[in-house]
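Colleague: I would like to go through this model with you. Shall we start once it is on the screen?

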Amino acid sequence: MRYLDPRQFGRLVPSPDGAPIAEWRALGRDPLADGLDAAWLGEALRGRRGPVKLALMDQSLLAGVGNIQATEALWRAKIHPARPAGDLDRRAVARLVEGILGSLRDTLAAEDGPELTYVEEAGAPNPFAVYGRAGEPCPRCPALVRDVLGGRGTVFCPRCQRPS
Ligand SMILES: [Zn+2]
């Protein structure tokens, strides 16, 4: 067996009896496999005081949404990444659902090849609207800035992703 994990986010965990491992059972909803709608997401975010971006990256809430997908989904939804997750109104949550599903689908379509390429690799194409594009113009507005939230690089547009 050969295991390549260039970003070192993965792990191999044995399951001698073939039963789902604890890490697997702890995962939240997979937006594509399980479906995602505004009623469920609104309920899941209710009462959360932390930044919405960190809530999206909580794997016990949504499985498979990491830094890139959260960044892209929030830009699509025109939501500032630091907004308290529980403060989003129904329309914002509905935009966020569309942002998450749209970003995941577009990313999978762009990566529909024999080999995944990481956007950080030299010369690799960047299929994303804002991720990895700090300092470049927002596709909708004049400029992007880069900020740090929870220790992770976070790209957002200060014009179309207002703090409130
Ligand atoms: Zn913008």
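Colleague: Which residues in α5 do Gln 69, Glu 72, Ala 73, Leu 74, Arg 76 and Ala 77 in α4 meet?
Modeller: This is a predicted model, where local features need pLDDT of at least 70, side-chain atom pairs count only at pLDDT 80 or more, and totals for chains, interfaces and linings use all residues. Residues are numbered from 1 along each chain as its sequence is written, and side-chain values use heavy atoms, without hydrogens or water. With contact meaning heavy atoms within 4.5 Å and helices being DSSP runs (H or I, at least four residues; strands are E, at least two) numbered from the N terminus, those α4 residues meet Arg 95, Leu 96, Gly 99, Ile 100, Gly 102, Ser 103, Leu 104, Asp 106 and Thr 107.

Colleague: Which residue follows α4?
Modeller: The helix covers residues 67–77. With a positive phi, near 60°, the residue that follows α4 is Lys 78.

Colleague: How are the donor residues of the zinc ion spaced in sequence?
Modeller: Cys 138, Cys 141, Cys 157 and Cys 160 coordinate the zinc ion through their SG atoms at 2.3 to 2.4 Å. Donors are N, O and S atoms within 2.8 Å of the metal (3.2 Å for Na, K and Ca), and water is not among the atoms, so sites may look incomplete. Cys 138 and Cys 141 are both buried. The spacing of the donor residues is C-x2-C-x15-C-x2-C.

Conventions:
Buried < 20%, exposed > 50% of the residue type's maximum accessible area, 1.4 Å probe, protein only. Axes fitted to C-alpha atoms, helices over the stretch in contact; angles between N-to-C directions.
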